[in-house]
Amino acid sequence: MTENKTPKESVTLTDNSSGKSIELPLLAGTIGPRVMDCRSLYSQTGHFTYDPGYTSTGSCRSAITYIDGDEGVLLHRGYAIDELAEHSDFPEVAYLILKGELPNAEQKTKFIKDITYHSMLNEQISFFYRGFRRDSHPMAVICGVVGAMAAFYHDSTDINDPHQRMVASYRLIAKMPTVVAWAYKYSLGQPFLYPQNDLSYAGNFLRMMFATPCEDYKVSPVLEKAMDRILILHADHEQNASTSTVRLAGSSGANPFACIAAGIASLWGPAHGGANEAVLQMLGQIGSVDRIPEFIKKAKDPNDSFRLMGFGHRVYKNYDPRAKIMQQTCHEVLNELGIKDEPLLKLAVELERIALEDEYFVSRKLFPNVDFYSGIIFRAMGIPTQVFTCLFALARTVGWIAQWNEMLADSEQKIGRPRQLYVGSAPRKFVPMGKRA
Ligand code: ACO
């Protein structure tokens with residue numbers, strides 16, 4: 001990790017109530033805004049900071065992903081997302097995110113082999129699925145199954161052993177396609193398919209999703225490529241809600257499977273990974289191009305809870321670079337599949353055009369995010385809406401586990417424990433039942 005220690009700069013804060021001034025050092029990373037090191041604030045002043053939603057708070061040092069939200073830049077280990085999406089593939093990006101460097105040919109072959117040979121689930125887990133209702137939301141199922149993996153893979157739960165941490169990381173990356181595909185198969189009442197080792201990561205996933213034991217299944221190279229690219233685009237995204245959840249859960253020493261299950265739970269929300277599902281529901285609700293103005297009006301109304309799903313981002317105040325690639329992939333997939341005049345795509349393109357010209361969205365810097373087009377691609381591929389967020393979780397597992405490993409190797413890591421501004425009752429005497437109002 002690079003940190004610029006010179007020149008030593010600081011911020012002086014004056015506490016008007018006591019008249020005392022304190023110096024807080026400024027820390028500089030490789031690129032990006034400097035951060036004020038406020039670790040000594042409480043001991044020096046007796047005050048905490050107040051920052052709901054952590055809008056101004058850096059929670060850790062990280063060398064994995066860099067985002068410049070104003071410029072619409074996303075880098076993994078220094079490499080731009082568009083270059084990775086164009087020239088790389090998901091296993092290579094997973095290796096990069098997990099280990100810090102692009103693999104050479106030999107390292108890549110070994111990594112793919114190691115991942116491939118961890119993709120089967122313990123057979124007992126197939127019975128675990130049967131405890132769920134068939135109509136369960138697949139996110140509920142994968143959250144439960146991933147959490148339960150700690151009960152099956154005891155030999156990779158010692159977080160103090162770097163080897164066990166890496167085995168757990170490989171297991172999670174390798175088994176997630178199986179976990180997600182089985183959740184889908186379970187919902188259909190179809191038999192589970194085992195992984196097939198001569199297929200690519202994306203191809204194997206598509207086969208486990210769509211094949212049946214009754215006939216041969218040929219993976220479409222177009223869909224395989226599109227799926228691989230979608231996985232790259234979702235692989236990591238710095239300290240977002242689910243990643244921070246994984247780090248927070250892991251900071252107490254929880255095992256990796258429990259931590260990733262916590263990340264899946266956080267991702268499920270419609271303000272986060274659940275947005276790709278919500279976009280399609282919204283497009284369905286809008287229904288036709290002529291109703292767009294009505295919904296734009298609703299989105300702008302402060303008294304209406306409706307939001308334009310797939311629009312806006314905490315960090316990007318410019319076009320999300322992933323959304324651009326996703327839009328292009330969407331056109332490619334629909335073309336290749338011969339889907340012409342897809343009404344939802346037409347609706348999405350028009351909605352985006354209208355919103356990007358509207359003063360409300362322009363002034364708030366609300367642009368399409370990664371979820372805006374991904375749902376349309378998934379739908380064209382035949383993936384049901386409820387499985388969309390599971391695909392996001394599948395891809396993001398590599399980012400979560402890389403961030404978890406980084407945290408455990410960080411000597412500054414402590415249990416995550418925010419403080420609060422207490423606004424409840426002041427101390428008062430217990431009131432016996434007979435004297436209560
Ligand atoms: N539609 C309408 N108005 C919006 C939207 C939207 N999608 N997003 C933000 N705004 C408005 C807010 O109402 C607020 O307006 P105000 O200044 O008049 O009060 C202003 O823009 C700023 O929004 P915040 O909610 O303060 O921004 P925040 O950073 O907290 O929220 C979030 C970001 C949660 C992503 C938000 O934009 C949103 O809900 N978007 C829709 C859901 C979505 O697409 N989520 C996916 C995010 S990407 C991902 O997780 C992979």
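**Contacts, burial and the ligand**

Reply: Contact here means heavy atoms within 4.5 Å. This is a predicted model, in which local features need pLDDT of at least 70 and side-chain atom pairs count only at pLDDT 80 or more, while totals for chains, interfaces and linings use all residues. Residues are numbered from 1 along each chain as its sequence is written, and side-chain values use heavy atoms, with hydrogens and water left out.

Me: Is Ser374 buried or exposed?

Reply: Buried means under 20% relative accessible area, exposed over 50%, and partly exposed in between, with a 1.4 Å probe and protein chains only. Ser374 lies in helix α17, and it counts as buried because its relative accessibility is 0%. Helices are DSSP runs of H or I with at least four residues, numbered from the N terminus.

Me: Where is Leu366, and which residues does Leu366 contact?

Reply: Leu366 is in the loop between α16 (359–363) and α17. Leaving aside neighbours within four places in sequence, its contacts are Phe311, Gly312, Leu356, Tyr360 and Phe361. Leu366 counts as buried, because its relative accessibility is 19%.

Me: How should I read a helix such as α9?

Reply: An α-helix has 3.6 residues a turn, so residues three or four places apart point the same way. Helix α9 (residues 221–233) has 13 residues and reaches 18 Å from its first C-alpha to its last, close to the 18 Å expected; the expected span is 1.5 Å times one less than the number of residues. Its buried residues include Leu223, Ala226 and Ile230. Among the elements that cover the buried residues of α9 are α2 (81–87), α14 (321–336) and α18 (388–409).

Me: Which residues are closest to the ligand?

Reply: A residue is near a molecule if one of its heavy atoms lies within 4 Å of it. Here 20 residues surround the ligand, and the closest are His272, Arg307, Leu308, Gly310 and Arg314. Of these, Arg307 is in the loop between α13 (292–300) and α14, and Arg307 is exposed because its relative accessible area is 65%.

Definitions and conventions:
Helices (H or I, at least four residues) and strands (E, at least two) are DSSP runs, numbered from the N terminus.
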